[in-house]
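I opened the model to look up a few things and kept notes as I went. The entries follow in the order I made them.

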Amino acid sequence: MSFELIGRSEQGRTGKLSLPHGDMQTPFFMPIATKGAVKTLSSFDIERLASPIVLSNTYHLWLRPGLELMKEVGGLHKFMDWHGNILTDSGGFQVFSLSGLRKLTEEGVQFQSHIDGAKMMLTPELCMDIQRAIGSDIVMVLDVCTELPATREKLVNALELTTRWAKRSKEQFEKTREGSVNPNAKLFGIIQGGTDIELRIRSAKELMEIGFDGYAIGGLSVGEPFEEACKVLEALDPILPKDKPRYFMGGAQPHEIVGYTARGIDMFDCVLPTRNARHGSVYLSKSTNLTQCDFYEVANIHNAKWKTSTQSLVAKDDVRTPADEELSRYTMGYLRHLFTVDEMLGQRLATMMNLRFYLRLMEELRK
RNA sequence: GUGGCCAUGGUGUAAUGGUUAACACACUGGGUUGUGGUUCCAGUAAUACGGGUUCAAUUCCCGUUGGCCACC
């Protein structure tokens, strides 16, 4: 059994997910390392933040450094010297976010590379091959993410194609197990259906019939209201198998994570902590009482009010990890200065700060 | 000392004898949800001073002050 459900409370589910590069306590958050690095940080930094997993991206790694190089270096763990787990997003989201450059067919997705414009075809099978070469611990099927709002017809087409691709993905995943760098990797299916409850349930059931190690909810966090996403999760909660992890893709803000966890989600990823950090928005904890909607604030470090602040990036009496220790040595005033004069250290410290905030939030939710 | 050139937001530059004087940077505030991006959006802020010509001057003229250059 790779996933063990330990408890379920109003706060959510707690459990343990066993993966090839270490056991994961759930619920957890995955820092995003799209192109093989969490922007501004080293693998060593992630270790010091005590994150046991990062998320990388099949589509981006396929374009650069490419499938052949990935095989030659023996996978992404070795390449980036990362000893923890890796989940790779399939590229399904890029189908959606790079919609100007794509063409969907039964066979797969025809992309035009955003780098050199070359036409490339990503199929469910190739997607598995690439993720096998990367050596991912959690492999995601290639799915079709729909823009919201969408017509029912569009949602149905995306859902049905996602199911057919999921089936092909699983077959290819099993076929490529032997001889791969990470034969014990897990494969997750991705539920689509937009905000249509009936379609969501149908999608979940079709995927469960194929059988996956975990189930992801895709196609949310694309602009729909928080309440709509909650309704989808509430409908899926009783349907999904209790003994498989559930992954909410692409979200969310801290208070939303609390809400989604309460609705049975075990895994999250989001660009917000890392992207916001690079743009000067940092998360500050205000309370450990997560039932309060304002248990945190997002500070804009550019604001003049931080100019003379001597507040530590992490409170000295709240140091738990080596990253905390580093962060506790600097002040908000210094961080603002680094952003004002455009010193790269500012982005790095802010990134560590925000990831630390998200990781601590998850720790609270596991209590 | 003589002659020449110049003076526009915090900084560097536009423009014009006729409504709300433009742009960039800086400054101030906001955005970012399975990451093409040190990014996107918005806001505050100026015609050196005094006089003259004119219906109307930031623009033309004179003076003052300040700066730059050349010559003695």
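I call two residues in contact if their C-beta atoms, placed from the backbone, lie within 7 Å. My helices are DSSP runs of H or I of at least four residues, strands are runs of E of at least two, and both are numbered from the N terminus.

**Ground rules.** This is a predicted model, so I note that local features need pLDDT of at least 70, side-chain atom pairs count only at pLDDT 80 or more, and totals for chains, interfaces and linings use all residues. Residues are numbered from 1 along each chain as its sequence is written, while chains are lettered from A and ligands numbered from 1 in the order in which they are written.

**Helix 7 and helix 8.** I looked up which residues meet here. From helix 7, Leu155, Val156, Leu159, Thr162, Thr163, Ala166, Lys167 and Lys170 meet Leu199, Arg202, Ser203, Glu206, Leu207 and Ile210 of helix 8. By class, this contact has 7 nonpolar, 3 polar and 4 charged residues. I count Ala, Val, Leu, Ile, Met, Phe, Trp, Tyr, Cys and Pro as nonpolar, Asp, Glu, Lys and Arg as charged, and the others, Gly among them, as polar.

Next I took the axes. Those of helix 7 (residues 152-175) and helix 8 (residues 197-210) come within 10 Å and cross at roughly 10 degrees. The two helices are therefore roughly parallel (angles under 35 degrees).

**Single residues.** I checked glutamate 206, which sits in helix 8. Glutamate 206 counts as partly exposed because it has 18 C-beta neighbours inside 10 Å. Buried needs 20 or more other C-beta atoms within 10 Å, exposed 12 or fewer, and partly exposed is in between. From its C-alpha atom to that of threonine 331, 125 residues apart along the chain, I get 52 Å.

Leucine 126 is in helix 6 (residues 124-134).

**RNA strand B.** Which residues come nearest to RNA strand B? Of the 42 around it, they are Cys145, Ser221, Gly250, Val271 and Thr274. Near means a C-beta atom, placed from the backbone, within 6 Å. Helix 5 (92-97) and helix 11 (272-278) each supply at least two of its residues.

**Whole chain.** I found 14 helices and 16 strands in chain A. Buried residues make up 47% of its 367 residues.

Terms used. Axes fitted to C-alpha atoms, helices over the stretch in contact; angles between N-to-C directions. Parallel < 35°, antiparallel > 145°, perpendicular 65-115°, else oblique.
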